[in-house]
Every structure is written in C-alpha cells, then in structure tokens.
Amino acid sequence: MSRLFKIIAAIYTFLATSFASAESGFWSLNMPRGVTEVSNAVYDVHMLMMYICIAIGVVVFGFMFYVMFAHRKSRGAKAANFHENFTVEVIWTIVPAIILLGMAFPATTSLLKVYDTDNPDIDIKVTGYQWKWQYEYLGEDIKFMSELRTSQDEQYGRVPKGEHYLREVTQPLVIPTNKKVRFLITGNDVIHSWWVPDFAVKKDAIPGLFTSAWAKTDQPGVYVGACTELCGKDHSRMPVVVEVKEEADYYEWLAGKKAEAALYASTIGKDWSNDELMQKGKEVYGISCAGCHQAQGEGIAGIFPSLVGSSIVTGPIEDHIGILINGVAGSAMQSFADQLSEVDIAAVIHYKRNSWGNDMNDIVQPLDVLNYKQSR
Amino acid sequence: MTDQGSYYVPEQSKLPLGAALGMGTMGFGAAMWVIDGQSATVFFVGLAILAIVMYKWWGIVIEENMNGMVSNQLKHSYVLGMLWFIFSEVMFFAAFFGALFYVRVLVNPWLGGEAAITLFDDTPTDASTANAELLYPGYEATWPPLVTPDQAANGESAKFVGPDQAMSFPGFSSWQRILAWLPLWNTIILLTSSYTVNIAHHAIKEGDRKTFTRWLGITVLLGIVFLFLQAEEYIEAYQHMGLTLDSGIYGTTFFLLTGFHGAHVTLGTIMLLVSFLRGLRGHFKDNDHFGFEAAAWYWHFVDVVWVGLFLIVYVFD
Amino acid sequence: MAHGPSENFFTRWFFSTNHKDIGTLYLWFSFAMFLLGGAFAMIIRAELFQPGMQLIKPEFFNQMTTMHGLVMVFGAIMPAFVGLANWLIPMMIGAPDMALPRMNNLSFWILPFAFAILVSTLFMEGGGPNFGWTFYAPLSTTYAPDTVNYFIFGVHLMGASSIMGSINIIATVMNMRAPGMTYMKMPLFVWTWLITAFLLVAVMPVLAGAVTMMLMDINFGTSFFDAAGGGDPVLFQHVFWFFGHPEVYIIILPAFGVVSQIIPTFSRKPLFGYSSMVYATAAIAFLSFIVWAHHMFTVGMPIAGELYFMYATMLIAVPTGVKVFNWITTMYKGSITYETPMLFCIAFVILFTFGGFTGMMLSIAAADTQYHDTYFVVAHFHYVMVAGAVFSGTAAIYYWLPKWCGRMYDETMGKVQFWLAFIAFNITFMPQHFLGLAGMPRRYSDYGLQFADWNMVSSIGAFMYGGAQLLFLFNVIRTIGWGKPVEDPKVWEGADGLEWTLPTPPPFHTFSTPPVLK
Ligand code: HEA
Ligand code: HEA
Ligand code: CUA
Ligand SMILES: [Cu+2]
C-alpha cells in the first residue's frame, strides 16, 4: 500500500509541477497567467479547481485501482454480499457538498472581479463583423477596422506560412498601460465573441445589444486573441490583436491617428487614374471582399452571389455605390460606409467593373462616392 | 400491473411506415414550400398520405375496441399515452410563454437602457446604458411596445415598425368598450365550452346518450365560434390596428401564442367533432368512452392555456 | 399472437410490431449513423492534422462540424439507447412487448426520413447546416442558407419520434410490469430510462419551440431573435439550452443504467446502494432543468444570474458522485473478472469521472471565460459522451448480444478492441485539453502554428480510434453469423434479472404469460 501511495504521489507532483510551469507555446499544457488582475484571479481559481479535482481523483481512483487489484476472482476473491450502508452514503453525499462549498468562495470572488466594469478611464466600442473587428475610441472620433493580414496563399499552402500565421491583422487595437479600459462589445451581423486570453476577457459580441468587459495592465506588449463564437465561414480568420503601449506612446499614437484622418480628407477630391484605381481596388478587394465573393468574383453558390456579370456590378454606378454604402439588410452583405474610405470604395467598385470579364470601361471617382454619401 | 397475458399485441401493420412516409414527405415538402413560397404540392401529398393513414389507424383502433380486443390494461396504456402527450404540449407552450416572459421582463428594459430586475440593484448596467446611448437612442421600455427599438433609432427607414395599437384590455373606462373587446367574449366562450363538455362527460358516464350528443354538439359549436372570433380579431389586427407578425416583438409574441393556441383549438374541435359523430353512430358506453375522454382532456388543456394567455397576453400588459 | 417472426423479410422488418425487431432496427440504424458521424469526424481531424487548408473549404468544414454533432447526438447515441430500451425493458420487467407496439414502429421509421432530409442538404445549393449543432441565431436564421428550412423540419421530425418513443417507454414501465415487479424492484436500467423518457417528453417540445421560432424569424418577419424589433439573439440560447442541457443527461442517464447492470454482474455482488442510485438519478434529472445557462457564461448575463447558474451547476457533482462511489463500492469485496463489457464499464467510470471533473472546472464562471468555446470544452464533452455514452453502449452490446442471438463474441478480439479504443481515445482527446487551455477555439477550420503539435497527435489518435470501431463492427457481425453458440439462460455467471431467466436466444414473443416475482 505504501509503495502504491509513493507512486501516486510521484505522479501527482510530476503533473502538478509540469502544469504549473508550462509556458504558452509549443507542446504547451496550461493556460497563460495573463497580465491583468482579472486574468491572475482566473488563473488562480483555475489552478485551485484543478488541484482539488486531481486530489479527489487520486483518492477515488486510488481506491478503485486497489479494489480492482485486490478483489479479483483470479486472485481467489470470494464475493461478499453486503449492500446499503446508511452512514457511508451520508458521508459521501456530505463530503462533496462541503468541498463544493469551499470552492464556491474563490469562484464567487473571481467572478466579481470579472464584472467590475465601473469607472473606466477609456471606453472602446468593439464591433464584430463577418469577419473582422471594428474599434471605436468613444469620445475621440477614431474608428478603424482590424482585419486578418495572412494571405490566402499562405492559408492554402501555396507559399510557406509565416511566423504569425493567422495571428496578424491590418491594424491592432492600441491601449495604454495603467488605465482602466472598458470594452463595450457588440456585433454587426451574427454573434461573435471577443477574446484576449492574457486579459481573461471573453465576451460575446451580440448584434443589437451590448456586453461589457474591462482590462488594466502595467505590461506593454502585443496580446493575441481570437473570435470564439462560430460566426460563419471565416470564424477562424478574425484574430484579435491588442497592442499595449506605455501611456506616452499611446497618446503619441492617438495624435498620429488624428493627423492621418486630416491628411486623407485632402486627397479625396483628386482625380484618380484607371491604373491607380485598379491597383488600389485589387488590394481592397483582396482584404475586404474576397472572403465572401472569392478571389475571382465567382462567389459561392447559394450563399454569396457571383459578381461576374452580376446585374448590379454591370448596372448603373449609382446602384453599385448604393449597395456598398447601405449593404443589404438582413444579409451578410454589410454596409461598408463606415469600414472603407471613399477612395477605397471607389477603387473597389472600379476594380470589379473592370475585372473577370466585367468590361464596363467607365471610371468611378472617390468624389462620386462622397457625393452619394452626402446626398443620402 | 393488472390482468396480464391478455395484453393485445397487434399483428404486423403497414400503418406506421405509411405514417412515417407521410410525415417525412410533409417535412420535406414544407421546407420546399417555405423556401420559394409556391411548391406546396409535395407538402400536401404528404399531408394526404398522413390523413389517410390516421383515418385508417384510428379506425382500426376503434374497431379493435368494439370487438372487445382491448383489455383494461391496454386502455390504461392509451390513458397514459394521452396524458403524457398533453404534458409535452404543455412544455411546447412553456417555450413560448418563457420567451414572452424573458423579452418582457428582461430584454425590453435592457434595450431601453434600464436595469432589468430592480430587486437587488436598480442602477442600469453599463451594457444597457450603452444600448440606449449608442444603439437605440430614444427608445423607451414600455409594455406593450408600440414603437420598436429600430423605429426609435431609425424612424422611417426601420425594418420593424411597431403596431398602432395593442390588443390590450381597454380599461374600465366604459362598458361599451369592454363589451366590444373580443378576448373577453372568447374567454367566456371557452370557459362555457369546458363546462358543456363536462356535462356531456357526466351524461355518457350515466349512459345518457341523448344528453351526451346534445351537449357535445354545443361544445363543438362553441369551439367553432371561438375560432371564428379569433379570425375576426386577426383581421381587425391586420387591417385596423397595424398589428402584424412583423410589428416587432409584441406582434411576434402575440400572434405566435394566440396562433398556436388557435391551432390547438382547431385540433381539439376536430377531436370533439369526431367524438360527436361517433356518439351519433352509437359508439361509447357508460364505462368505455376513452376516445371521447381524451378529447375532453385535451379541450380542458386548451382552455387552461387560454386562461393563461388571457391574463398574461391581454389583461396584464 | 403466438406465431414467430414473419417469413417475409419486408413484412418482418418494415411492418414490425415486435419490440425485439424494432430494437434491432434502432441499433443498426444508430450504428450506421455512428459510422456516418464518425466519417465526418475523420474529415474534421484530417483537415486539422496540420495548419492551413488542405482538404476542404472552410464553409464545408463548418458543415462537417455541425453534421458531426447532430448526427452523433440525435442519430447515433439517442437511437442506440432507445434500441437497448426496446430490447431490454419488456424483458426486464416481464412484459409481453412495449405498451404501444404500432406507435413503436412509427417512432423508429420517422428517423430514417428525418436523417434523409438532414443529410440531403449536404448535396443542395448552399450546403448543409453550417451553424454548429447548437445553431445559434442569427447565424442560423437571417444569415443561414435556405437549406436551414430542411434542417428545421428535420428537427421537428426527430422530436416527434423521440416524444412518441418516450411516451411509449413511460407507458410500458408504468403499466406493463409483471405482478410483483414494484417500482423499487425494477432494474436500474429501467429506472434510468423511465427518468430519461420523462426528460425527453419535457424538453423535446421546447426544442420544437426553438426551431419554430427560427422558422418564423426566417420566413414570416417575426423578431424573436432580432433586437431591432425588441427581441434578443440570446433568447435563442436560453430556449435551446433549456432543451440542450437536459439533453446531455438524456445521453448519459441510460449509460449510467447500463453500467449499473454490468458492474454487479462481473463483481458477482449486488449493486451497493440501489435506492440511493434511484434517488441520485432523479436528483440529476431535476437539477438538469435549472442549470442551462452555464453554457452561456459569456453572453453578458447579469451577475446574479451568473452566480445562480454557477452554484446550481456545481451541485450536480453531489448526486453524480453518489453514483460513482456506488459503482466502486459495488466492486469492493466482489469477485471481479474482466470480460470485455466489464473493461468498458471500468473505463467508463474512470473517463466519465475525469470528464465530470473538467465539467466542474467549466462550471466556475470566472474560469469559464477562459475555457468557453475552446477545445477544452470539446475535450470535456467527448470524455463524457464518447468515453461515457459510446463506451457504455459498446459494453451493453458485448454484454447482451450473446443473450439476444445465442452466440458468444470473440473475447480476444473484444479485449483488443477495448485496449485499442481506450488508448486511442485518450490520445485523441487528452491533448485537446491542452489545446483549449493554450487558446485554441473550437469550430476552427484553421489555426495558428503554436497549436500544430497537439493537433497532429489528436488526429492520429482519432484515426486509430476509428479503426477500433471497425473492429467492433467486425466482431459484432462475426458473432451474429458465426459465434460459438451459448445456451445457458444466464450467459454470465454473475448475471441477475428477469431477462436472464429466458431461454437463450429468447423467443420472438416473451412473457406472453407473465412471470411471477417473489
Ligand atoms: C453526456 C453528456 C454530458 C455530461 C454528463 C456532462 C456533465 C457535466 N457538464 Fe458538460 N457538456 C456537455 C455534455 C455533458 N456534460 C456538452 C455536449 C457540452 C458542450 C455543448 C456545446 O457547447 O456544444 C458541455 C458543456 C458544459 C459546460 C459549458 C462549457 C462552455 O461552453 O463554456 C459546462 C459548464 O458548466 C458543463 C458542465 C458540466 C458539469 C458540471 C457536469 C456534471 O454533470 C459532471 C458531474 C460529475 C463529476 C463532478 C464527477 C463525479 C463526482 C465525484 C467523484 C464527486 C466528487 C466531486 C467533486 C466534489 C468535484 N458542461
Ligand atoms: C455523442 C456524440 C459524439 C461522438 C460519439 C463523437 C465522436 C467523435 N468526435 Fe465529436 N462532437 C460531438 C459529439 C460527438 N463526437 C459534438 C456534439 C460536437 C460539437 C459540434 C459543434 O461544435 O457544433 C463535436 C465536435 C467534435 C470536434 C470539434 C470540431 C470543431 O470544433 O470544429 C472534433 C474534433 O476533433 C470531434 C472529434 C470526434 C472524434 C474523432 C470522434 C470519434 O470518437 C469518432 C469515432 C468513430 C468513427 C471514426 C467511425 C468509424 C468508422 C470509420 C473510420 C469508417 C467510416 C467510413 C465509412 C463508413 C464510409 N468532435
Ligand atoms: Cu467572429 Cu467567430
Ligand atoms: Cu450543460
């Protein structure tokens, strides 16, 4: 019996230490500890639960293996014929209940931390789109999309996969250290879920309703998360990337963002050439449209219409702009008015009208888009 | 645990496979039908198959009973079958009542920026505040909601437009208005019909066939009047009150609850009608009338659901 | 009714009113569905073998995940246990047949039609259901392909089948027991099924309600799941999980019943605490109705709701623990032998308890913010459903098949299959815990490089596990066709219960005169 106990104890220590020390990465075993107060509390309650379960398991299975070994028929065991024992049955009802009571305390306090979203320093609105995220700094007039940057060629194995495969985006969310940031999360189309493991923030992005979460950390760095609610075809292709900057760097970044917007406003009136539009359009199409309408505009039968020879793509420019600005209510075709700039919209429309055998030979200018928007 | 050994296990039968074929065809056909809005043929073929099979099936069951092949124990199996079937129907309605409760008590305040349950804490959560500020400015959480959140935020271009009026209790302002309020009449009719079916039940227990058919006939008529008034109410809702399936959650819950209730009244009426016709043909004995009894139970169940509906959907809103 | 089975193949198998034949139909149907669902799982695991899209398109991957879940839960596991119920309940309680034999056949025949409808969508434009077996709105409503309508009516049909089947079981158990077979003398398998049938009658209509709401939202302009109209997408989840959580106990309770029959047999000792087992089953069933929102810890419920659902969920450990302890004390001081059914049951106790432990961890709401919708959850439910339901189902077949067909399976092959399945199972699903904790979300057709290693291990395990199933199929067919005849009514030395008093194989109609119990 004592040898058995030693073996069990050894296994236990091995498991416990390897779990506690494992770093996130290859062959990793455990969850990351994370960088916020909440994530640490969650990590602790997770470890506690695991140790309790392992301990119960050692006792229960230990006894079971002993029985299996000792009371074998081949060893000459004769079956006893007892059953029912009130005392034993009461004990094994009450003891687990007491253990549960003990677990309820840390479970409750950690949950209270998760819910403590009051008095934030910064509010950020997070919106899930099929299949990208939009971040809006409330009160700052800054808003941008964050889309996957990994190319289709990498995904389909036509070129080797980069180090950040499926973990890289066009623009990460940027937040400062040591500020309580509150995330107000919602969805545009279907339910998504915004998860950053290192913050222990995971909240569903529900269309038409808000949920909230918060984070505060003193450790700058880049933290990668994911969408965790099945949201359609490219559910696995809308990573969350958050960059935590030192406070000063953050404000610098914020100022830069604002200057960018001002600069953009000055280019919108310019006349764009066919080549410029085609090049820009191809780029935008690849990032924003190809996910659904596919690389050659062929679409997916029954889900996403083909753009080749489509009556809208080959129809009046006005309607074509309309569908991008307004989207199609109640379908995956979202409104791009907030997502793409006038230049991007003009370029992508121009590109579609002059690709894959669509041969319209007209030209669409950013100004047309702006006029459409204003006349609305 | 009664007299065993005489339990009647029927011969092989083509009917179950036929019924499954009918149901499968209906399912397939119904999907085709809703997808393009016209190819209903397959559905009706399935329905026809099912109807024929049902007719035969129950015909055989009745015949078996008339020939005395049905032991008391088997009768008890039928009783259990019907009771648990009604229980499953209760749970079906529970889903819709639960949905109504959830949107009314919790979601509606959240959308309007309030705290839902003020028992512990009446400060709105930051999520519900954000709903009101960022998604539906101007939406006020009242029940019944005559303005949808969509409409409050987007005005003209809203997809869901609330009703002009709700089907609520008109209040005690004037007797005329109360008397012109159809749900009240419907309640009276259904409660009466529960009573009349009960008279019929007592009559058959005493072997009084004449009273039985008379009061059962009256019950069927009351059921039909109820359905008629319900149709009237729907027409009124659609034509004069702007209350439709797409007028937001109020229209949604109103029509689904009353609609499914109406469908069950229809079924119950058919069951009672069949019992009535069987009564005319001389079926049922004072100690053996389960076919009718099952229909009567069903009818009471439909009645109870209505009382719930009347109170929750119409009166306390 | 004295005659045997019909000579005519078609009459015997299509027009049957015999509980044994219908049970057989259920069992073969469920095995076919298990292979189909398993084939889908193999496609999933093959695609996830390494990062990048190798074999299939992302949209097809989602259809595979969804169909795998649906087919396994509704097509494989549930019908398997209904098949066992059909075969065994009348034999165990001393009844001539099921209470309503014609309806019994109807319950079965609806299933092939329902699954034909469901599977046919894979070949239609727009493809099969692609929104997960939990089909959350609005992905399954406004944003779904048109074929979702076939799915909806398919679910309606499955629901009708289940409701009729369970009403039949309830009526049989309540009304058809032989004289002297009081409730507290019924074998535990019958008890667990009685309670399961009650759960089914209570929650299948709610599922019907959920898909009906979807149907209305998709086609008739209602706004149950659209906040713009005053509804809420989360409403769908509440309705679904009110069905869905009891559903997982519908899957496991009959499995508990099977294990509670087999362990005493091979321990040669009666079940330790019969009545506490019955009460524990009832307690689990009751609790299953009030914990549903533990699947929704991340939807932003008010904290009071979150705490309540957390505490209620934790409570389930108590009655489940009672069961586990009972099994072990039944073995204690027994005279244990390790035939294949016993091996599967022991593996069940260990692996199910392990899955229960991860369930406990999931129930801690704060920690679930990290676990939710990751492979940790996938690992949890495969431990309870594969090592739980599938292992116990396999045990049940090995245990009762010799009785049913009067032929013995090949013990060596059975043991080989057990060890292969046991090892492969753990290779498949143990690494999924690590994947989940490291941050791999579920329902992902592709993943980052840091998850590559464990995924590859898991896939290799899955293929091995699939091989073990083919061995099982082979063993079963070999037994029925060529197994060594057994004539001993008891088959197993330690077996106890009415079904073992019948001749082996049992006659077509059993207990036309009721047995008398002391
Ligand atoms: C057979 C099916 C089955 C069974 C039996 C269980 C059993 C349990 N499950 Fe599981 N579960 C599923 C099937 C099942 N589950 C499925 C399919 C999903 C995912 C659905 C989806 O999203 O697709 C899921 C998901 C799921 C979640 C949601 C996770 C998430 O999505 O974030 C949670 C959270 O609480 C949970 C908890 C539990 C608990 C507490 C038990 C308990 O019943 C376990 C109780 C057992 C024990 C605890 C072990 C024995 C007890 C002792 C030895 C006593 C002493 C122990 C202690 C004191 C700890 N399950
Ligand atoms: C009781 C139910 C049950 C069972 C038995 C299984 C069995 C298996 N499941 Fe299960 N699984 C679910 C229920 C079940 N699953 C559910 C509910 C989900 C969630 C779905 C969702 O997210 O919506 C899920 C999801 C799920 C995922 C996650 C998918 C994702 O998130 O994208 C994975 C991945 O590894 C997986 C793997 C497996 C494997 C390898 C098996 C193996 O055990 C299967 C073994 C069986 C076989 C392999 C059959 C053997 C036959 C052959 C090999 C030959 C076949 C060929 C022909 C007949 C032509 N399952
Ligand atoms: Cu967005 Cu998953
Ligand atoms: Cu659950």
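This is a predicted model: local features need pLDDT of at least 70, side-chain atom pairs count only at pLDDT 80 or more; totals for chains, interfaces and linings use all residues.
## The metal site in chain C

C:His380 belongs to helix H13 of chain C, which covers residues 375–405.

The copper ion, ligand 4, stands 4.6 Å from the iron atom of ligand 1.

## Strand S10 of chain A

S10(A) pairs with two strands that are described here. With strand S4 of chain A (residues 173–176), the pairing is parallel and has 4 bridges; within it, A:Val174 has A:Glu243 as its bridge partner in S10(A). With strand S9 of chain A (residues 221–227), S10(A) runs antiparallel, and 5 bridges join the two. A:Val242 in S10(A) is the residue opposite A:Tyr223.

## The domains of chain A

The domain assignment divides chain A into domain 1 (2–114), domain 2 (122–266) and domain 3 (274–375). Between domain 1 of chain A and domain 2 of chain A, the C-alpha centres are 38 Å apart. Their contact involves 10 residues from domain 1 of chain A and 11 residues from domain 2 of chain A.

The area buried between domain 1 of chain A and domain 2 of chain A is about 820 Å², with 60% coming from carbon and sulfur atoms. The count of salt bridges between these two domains is 0.

## The interface of chains C and B

The accessible area lost when parts come together is often used to give the size of an interface. For chain C and chain B, the area buried between them is about 6,000 Å², and carbon and sulfur atoms carry 75% of it. On the side of chain C, the residues that lose the most area to chain B are C:Phe15, C:Arg102 and C:Asn175, which together make up 13% of what that side buries. In terms of contacts, 77 residues of chain C meet 64 residues of chain B.

Across the interface of chain C and chain B there are 2 salt bridges. A salt bridge links C:Asp226 to B:Lys159, with 3.8 Å between the closest N and O atoms. This pair qualifies because the limit for a salt bridge is 4 Å.

Methods. Residues are numbered from 1 along each chain as its sequence is written. Chains are lettered from A and ligands numbered from 1 in the order in which they are written. Side-chain values use heavy atoms; hydrogens and water are left out. Two strands pair if DSSP finds at least two bridges between them. Donors are N, O and S atoms within 2.8 Å of the metal (3.2 Å for Na, K and Ca); water is not among the atoms, so sites may look incomplete. Domain bounds come from an automatic or database domain assignment. Contact means heavy atoms within 4.5 Å. Buried area is the accessible area (1.4 Å probe) that two parts lose on being put together, summed over both. A salt bridge is a side-chain nitrogen of Lys or Arg within 4 Å of a carboxyl oxygen of Asp or Glu.
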